[in-house]
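Q: Could you walk me through how to read a few features of a protein model?

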Amino acid sequence: MYLVFNLLQGSADTQTADSTRWQVSAQPGNLSVYRRLHDDAGVGPDASRIEVNAQRVIVERGFSGEHPLYFGTNGRILIVSDRNQPIADRLRSALDLKACYEFIYFEYPGKERTLFGEVTEVMNGQRLEFTRTSDSRSSVASVDRFVLPKDEIATRDVGDLARQLRNYIRKAHKVRAKSVNGVLLSGGIDSQVMAITLARDLGLADTFATTFSV
């Protein structure tokens, strides 16, 4: 699915809508909300979403970044999608050579960049608001919502910090765990904690590890 928003007229047009990947709902005030579904067709607690009305478009990506979002604009239209290729095709965007070199050498383009010059990635926890002004121009405001509330780091007790961290890790894995789970085991701290959480804290017996050498 990609959504086209006319920056001059304030109209929105959703094209090639994919009902298996997006949940669309109408809200009061001529507002439409598009929420990205998880693989099991449910909407998660930090799902990426797009809100649209005649005056503005709000684009939010979840904290986990599980479902990416991209946008591109040529000054007249704004295009938002969870895939960068449709945006690049619509805008006839050329490849960004610097981003391509970064991808070849580092396996990932720089922050917010994609392989296409006019397509930008929405970062984890980021909220973008595209607003029409009275003279039919558009403005964009960005808010980084990826912050920790102060109460989470208020304690200086190492034991309390460890218990809070373990509880957050357990809750994060619990909402995504299935009957059978796999861990890409690198041997680093992240994959070790994930394996321990699934097997010990959540008691999931059908958990397997996959690893490979290069």
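**Patches and salt bridges**

A: Leu97, Tyr101, Phe103, Ile104, Tyr105 and Phe106 make a nonpolar surface patch of about 790 Å². Patch residues have over 30% relative accessible area and no salt bridge, with nonpolar side chains (Val, Leu, Ile, Met, Phe, Trp, Tyr) joined within 5 Å. This is a predicted model, where local features need pLDDT of at least 70 and side-chain atom pairs count only at pLDDT 80 or more, while totals for chains, interfaces and linings use all residues. Residues are numbered from 1 along each chain as its sequence is written, and side-chain values use heavy atoms, leaving out hydrogens and water.

Q: Is Tyr105 buried or exposed?

A: Buried means under 20% relative accessible area, exposed over 50%, and partly exposed in between (1.4 Å probe, protein chains only). Tyr105 has a relative accessible area of 63%, so Tyr105 is exposed.

Q: How many salt bridges are there?

A: Side chains of opposite charge can pair when their charged atoms come close. With a side-chain nitrogen of Lys or Arg within 4 Å of a carboxyl oxygen of Asp or Glu as the rule, the count is 9 salt bridges.

Q: Which residue meets Asp160 in a salt bridge?

A: Arg163 does, at 2.6 Å, N to O. Asp160 is partly exposed at 30%, whereas Arg163 is exposed at 54%.

Terms used: Patches are made of residues with over 30% relative accessible area and no salt bridge: like charges are joined within 9 Å, nonpolar side chains (Val, Leu, Ile, Met, Phe, Trp, Tyr) within 5 Å. Accessible areas come from the Shrake-Rupley method with a 1.4 Å probe; for residues, only the protein chains shown count as cover.
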